[in-house]
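Open the model in your viewer and keep the sequence panel beside it. This tour says what to select at each stop and what is there.

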Amino acid sequence: MTIAEGPVVGVGVVIFDARQRILLIERGREPQKGMWAVPGGKVAPGERMAETAVREAREETGLSVEVDGVVWVGEIISGEHHLVIVDYSARVVGGTLQAGDDAAQARWVTLDEARALPLTPTMVEMLDTLRS
């Protein structure tokens, strides 16, 4: 296996509501179109990871969030790609929930409901961490 470039860094945003439901989006574009995950995306050059989390939450869900801290770190090495993912916990401070950017849907689900959805591979690992 030959990695074409150094690792790319992406972030996810783990948001729970008052009823302890997690906010998930259905990916509307490749890669992993149709799969469910927390909002997130790649860190832009010169952008801090926490800033990326705030931006991605707003773009994909319409919600404004404040980031609290890191809850999970993982990575995907597949073919020529290496992606490092840092998931942040965050809380909603404004906005109205609506799917946007590359999200086909955005909705609150219980952790059990989340398990029944077609999840991205890293989501399964992250949910296991949240349950422990």
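Select Val38. This residue is buried, at 9% relative accessible area; buried means under 20%, exposed over 50% and partly exposed in between, with a 1.4 Å probe and protein chains only. Val38 sits in the loop between S3 and strand S4 (40-42). Helices (H or I, at least four residues) and strands (E, at least two) are DSSP runs, numbered from the N terminus.

A note before moving on. This is a predicted model, where local features need pLDDT of at least 70 and side-chain atom pairs count only at pLDDT 80 or more, while totals for chains, interfaces and linings use all residues. Residues are numbered from 1 along each chain as its sequence is written, and side-chain values use heavy atoms, with hydrogens and water left out.

**Around Val38**

Show the contacts of Val38, meaning heavy atoms within 4.5 Å. Leave aside neighbours within four places in sequence. The partners are then Gly12, Val13, Val14, Ile22, Leu23, Leu24, Ile25, Asp87, Met123 and Met126. Now draw a C-alpha to C-alpha distance from Val38 to Gly28. The two are 10 residues apart in sequence and 13 Å apart in space.

**The largest core**

Which residues touch the most other members of the largest nonpolar core? Select Ile22, Leu24, Val38, Leu119, Met123, Met126 and Leu127, out of 16 residues in that core. A nonpolar core is a set of buried Ala, Val, Leu, Ile, Met, Phe, Trp, Tyr and Cys residues joined through side-chain atoms within 4.5 Å. Colour the elements that give two or more residues to it: strand S2 (22-27), strand S3 (36-37), helix H2 (111-116) and helix H3 (121-131). H3 gives the most, with 3 residues.

Next, click Met126. Beyond four places in sequence, Met126 is in contact with Val14, Ile22, Val38, Trp72 and Asp87.

**Two loops**

Go to the loop between S2 and S3, where Pro31 is found. A cis peptide bond joins Glu30 and Pro31, with omega about 5°. Gln32 is in the loop between S2 and S3 too. Phi of Gln32 is near 65°, a positive value in a residue other than glycine. Gln32 counts as partly exposed, at 29% relative accessibility.

Now jump to Asp101, in the loop between strand S6 (81-95) and strand S7 (103-109). Here too phi is positive in a residue other than glycine, near 50°. Is Asp101 buried or partly exposed? Asp101 is partly exposed, with a relative accessible area of 46%.

**Zoom out**

Switch to cartoon view. The protein has 3 helices and 7 strands. Along the sequence they follow the pattern β-β-β-β-α-β-β-β-α-α. The radius of gyration is 14 Å, close to the 14 Å that the globule rule gives for 132 residues, so the protein is as compact as a globular protein of that length. That radius is taken over C-alpha atoms, and the rule is 2.2 Å times the number of residues to the power 0.38. The C-alpha atoms fill a box of roughly 45 × 35 × 30 Å along the principal axes.

Finally, colour by burial. Buried residues make up 40% of the 132 residues. Among contacts between residues at least 6 apart in sequence, 65% join residues at least 24 apart.
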